[in-house]
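Morning, everyone. Please bring up the model on your screens, and we will walk through the interface together.

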Amino acid sequence: MSQLSEDAKSYLLEQLLRQRPVLYLRIAKGSDHARCVSGDPLHFGLVLAADDTVDVAALTIGLDPSGHGLQVSKAQIAHGASFDLHQLLIDGERFLLLIDVDDLQREVQQAQQSSNEARLRLDEMSERERLLHAEHKALRESSEEMQRHQHVQSEFVRRLSHEFGTPISAVLGHLNLMDLPTTTAEQSQRSLSAVRRGVAHLRQLVESVLDQARLQNNQFELYPGVTNLATLADDFRELHLGTALQRGLDWHVSLDAHGCVEVLIDELRLRQILLNLISNAFKFTEQGKVSLSLRWHDAVLTADVVDSGPGMSAAEQARLFADYGRSARGVRGTGLGLSISREIVQRMGGTLRLADSTLGRGSRFVLDVPAPIVRGQPEDNQSLNQPQQVLVVDDDEDLRLLLVAMLEQLGCAASAVAGLADVRLDAEPPPDVAVVDMHLGRLDGSVVLQQLRKSWPNAYLLALSADSSQDVLERSRRAGADSFLLKPLEPGALSLALQVAVQRRAAE
Amino acid sequence: MKTEVRKICMLGDFAVGKTSLVNRFVNSAFSERYLSTVGVKIDTKLVQLVDRQVKLVLWDLAGSDPLNGAAKSYLMGTHGIVLVADGTRRETLDSALRIHQHAESLIGARPTVLLINKADLEPQWQSTQADLQSARQWARNVWETSAMTGAHVEDAFMALAGVER
């Protein structure tokens, strides 16, 4: 390449400097400052101080003092132009040369900006795709679950139509038979019995289906009422006596009420559950015995239903309480009985379980439900052999007086207060028993019960109310009450409740 | 009293908000618009510590290709590293770890703070508590920041300004 003349070089330099402004700085020895030799510091975002120097610490920090040539490329200070930073060492002095590369920088920036934005969009799309996949998977799973549910439902409907079909055909058949002129009075009588059985069976089926629907739709309600335990036991004894005789089975009903006469419980539901358990026991038992043992103790009613039937295998036991978990032995029914019974018992605050079952030996079901005492036997209305410290919390003054008098009759040391504010929570020793009204004016008795339970973990807590609704019963239980007493308070019930408290203390 | 000068390098994947964090810290400003950085942007801020004044020189390095050949010239003389990840993009936390390891291989270990940025978009975060927990094992200080609201931005920079050399 031929040598450029001096004129050409100078022209070229002029053109280059016009296109690419430069800043040429001489660094003062041992300083962060430099003196401007040529160019405009402001063009590169640097500020010229009053003494004509520029602070270059931001550029020289980390720079090798002995480096010659390009040090940093594509740098930019605040709003200045982009530059390449060179360091020149001339005659023992350091110079900084900033060469404007703003036009190149802009091109690179635009290309990079597009590329980065495209990558961000791509990332966003992959993330959306991932979310869509997850949603799709969840939808598919829920659709499969629905299909399974539909299958179970349609299987149930298929079984129901069969179950309803059989008694309906029998009823219609017998009615037609009775219509025939040739039918004798004796045959008519037999047909009438068959019609009665068929209708009773249909009614039972309808009730099961309705209960199941009510439980599923949360429209199921309990109505606790006063229930006489002896009457309950007698009724069941009578009810199944005929079946037992007919089947040649031994049928035995016992009651051990510990002096309790009446309890607070939803009698209709209790009967429904017991009936279901006993009917099942009779259905499966070919020989031997079926028994019902009722026992009341400490505000809990326990019912044992024992049979000497074929018993159940482990697999049968496992699906016993499942919906439609009917036994495979070809016995009639919707298969809802036990699952509904257990659900109802749970709503009553109790448990229903298969306590024991052995193949060839029989089964034993045990039901435990809370059953607060309402009335005890008159002879139980007597002094306790161990006097109790009892605190009454009731906002009604007359009732406070009455309760204290009743308690003193029973040999207790009783005191009464109107509300939580008057209770001495730090009393030492704390009372053995507290009787708390559930409706203390504006204050809910369950709040008081909760506080007492917290402060006196070992005290026997009795909730008291004229309202026997399931809601009040449940609230008192949740708040920590050991039992519930119904107003108007019957002395025998109070006496029995206190006896339970004494027994509890003795057992501790 | 002579002002101490400290060079802080901003490192992290592209579009995690490095430039926005510097802009929030230095100018108390924020822009929604994404503008990719090319090369390095240099800013300074004087901060007052309990016992001294420090001039922070912030080198905000391009996130697109932070490990290119020029990286070492940008990193020379660095006193501390502000490592930035975007909470809404989980992979940027992995990039942050990779970039940090590379930087250490070039200039040795330096005091580092990790900023999980875009805390204002927390409902969209992909980084889990477990991710943050494991990040705490390699970064002494982890801050959840937002350049938009300014949350913890000052705290994070000041934590680094105060670290003894």
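How many salt bridges does the rule find across the interface of chain B and chain A? One. Keep in mind that this is a predicted model. The partners are Lys55(B) and Asp55(A). Their closest N and O atoms lie 2.5 Å apart. A salt bridge here needs that nitrogen and carboxyl oxygen within 4 Å, so this pair qualifies.

Polar contacts come next. The rule finds 14 residue pairs in polar contact across the interface of chain B and chain A, both residues at pLDDT 80 or more.

Which parts of chain B do the touching? E2(B) gives the most, with five residues. By type, that side of chain B divides into 13 nonpolar, nine polar and seven charged residues.

Stay with E2(B). Three bridges join it to strand E4 of chain A, residues 69-77. The two strands run parallel. Find Val40(B) in E2(B), and you will see Ala75(A) opposite.

Now the overall extent. On chain B, 29 residues are in contact with 26 residues of chain A. Interface size is often given as the accessible area lost when the parts come together. Chain B and chain A bury about 2,200 Å² between them. Of that, 55% is on carbon and sulfur atoms.

Notes:
Residues numbered from 1 in each chain as written. Chains lettered and ligands numbered in written order. Predicted model: local features only at pLDDT ≥ 70, side-chain atom pairs only at ≥ 80, totals over all residues. Heavy atoms only, no water. Contact = heavy atoms within 4.5 Å. Buried area = accessible area lost by both parts, 1.4 Å probe. Salt bridge = Lys/Arg side-chain N within 4 Å of Asp/Glu carboxyl O. Polar contact = N/O pair within 3.5 Å; in protein donor to acceptor, adjacent residues only side chain to side chain. Helix = DSSP H or I, 4+ residues; strand = E, 2+ residues; numbered from the N terminus. Nonpolar A, V, L, I, M, F, W, Y, C, P; charged D, E, K, R; others polar. Pairing = 2+ DSSP bridges.
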